[in-house]
Amino acid sequence: VPAASARYAVVEKSGIESAVRAALDIINPDSALIWDPMAQTQARWHETSVDPGMRVVSDPGTEPVDLAIAVRLPTAEALVQLNAVAGDTLILVRAAQMPYLRRITQRARALQLPDAVDRARDQAARLREEVRDLVERGRGSAELLALAPLFNTYDPATVAGALAAERLASPSTTVREQQMPTFREQQMPTWVRLHANVGRQDYVSTGDIVGAVLNATGVSKRQVGKVELRDRFALIEVRAEIAQEVLRGLNGLQLKGKKVTARVDRR
């Protein structure tokens, strides 16, 4: 009789890495392991495993963790082992594997991961925030001179939409990093988003978070950008050159009675 329980998410094989990142952001565990029994494929998780409290294993071992993510379908015995060390277990499965998963679990609960529409919506929201931030910082005045003649022929919104479409076609760079061809010599600052495990439910405010960053590191307020406060976590924008310093300062810090765990945002 199946004795193990788990959560599951149905994902395509090509989307496993993004599913892991999304699951970690949703569940937000203080400690986690990725169970991948294929030793030759474990190198794919190197970037994820450098985060504090994260490890990649082929054998669950005995060290307890908050979350175990099985990136391959486990046997019933392996699932029992994962349950023994993890407070919560998530299995990433293909649709065709669901009948077997139901046979080896006593209770299987679905975890809803963001789909393509959700990711597109988030990407559009980030683009709007980046553009709004550039406008508020007074960026783009010189570039506006290059675009002004187009406004005699096209609606400004059409011109902005065309530029945004070009940016969305190249998502590896942010609006802050992109520059008009005529003005490539104008170097824009590079920013990094950090993920911290404190949010509204911990009764913290954006001011508390900014203050914690400044007090823990001594960096300038101008080196800290936008702070997005969610229910269970916060996204903190900092200059790339101080990102590691901020991570060292925040990790282990007590904020409103909760121990902070911070990492680079995976999205």
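Predicted model: local features only at pLDDT ≥ 70, side-chain atom pairs only at ≥ 80, totals over all residues.
Local features need pLDDT of at least 70 and side-chain atom pairs count only at pLDDT 80 or more, while totals for chains, interfaces and linings use all residues. Residues are numbered from 1 along each chain as its sequence is written, and side-chain values use heavy atoms, with hydrogens and water left out.

**The whole protein**
- The protein has 9 helices and 12 strands, taken as DSSP runs (helices are H or I, at least four residues; strands are E, at least two) and numbered from the N terminus.
- Of its 267 residues, 41% are buried; buried means under 20% relative accessible area, exposed over 50%, and partly exposed in between (1.4 Å probe, protein chains only).
- Take the contacts (heavy atoms within 4.5 Å) between residues at least 6 apart in sequence: 67% of them join residues at least 24 apart.

**Two nonpolar cores**
- A nonpolar core is a set of buried Ala, Val, Leu, Ile, Met, Phe, Trp, Tyr and Cys residues joined through side-chain atoms within 4.5 Å.
- The largest core has 24 residues, and Leu194, Ile209, Ile236 and Leu250 touch the most other members.
- At least two residues of this core come from each of β7 (191-196), α8 (206-217), β8 (224-229), β9 (234-239) and α9 (243-250).
- A second, separate core holds 21 residues, among them Val20, Ile69, Val71 and Leu113.

- In α3 (residues 76-85), the buried residues are Ala78, Leu79, Leu82 and Val85.
- Seen down the helix axis, these buried residues fall within an arc of 130 degrees, so they line one face of α3; the arc is that of the directions from the axis to the C-beta atoms.
- Exposed Glu77 and Ala84 sit on the face turned away from the buried side.
- The buried residues of α3 pack against β1 (4-10), β2, β4 (65-70), β5 (86-93), α4 (98-104) and β6 (105-110).

**Asn28, a buried loop residue**
- Asn28 lies in the loop between α1 (16-27) and β2 (32-35).
- Asn28 counts as buried because its relative accessibility is 11%.
- A polar atom of the Asn28 side chain lies 3.2 Å from the backbone oxygen of Arg232.
- Not counting residues up to four places away in sequence, Asn28 touches Ala23, His195, Asn197, Arg232 and Phe233.

Methods: Polar contact = N/O pair within 3.5 Å; in protein donor to acceptor, adjacent residues only side chain to side chain.
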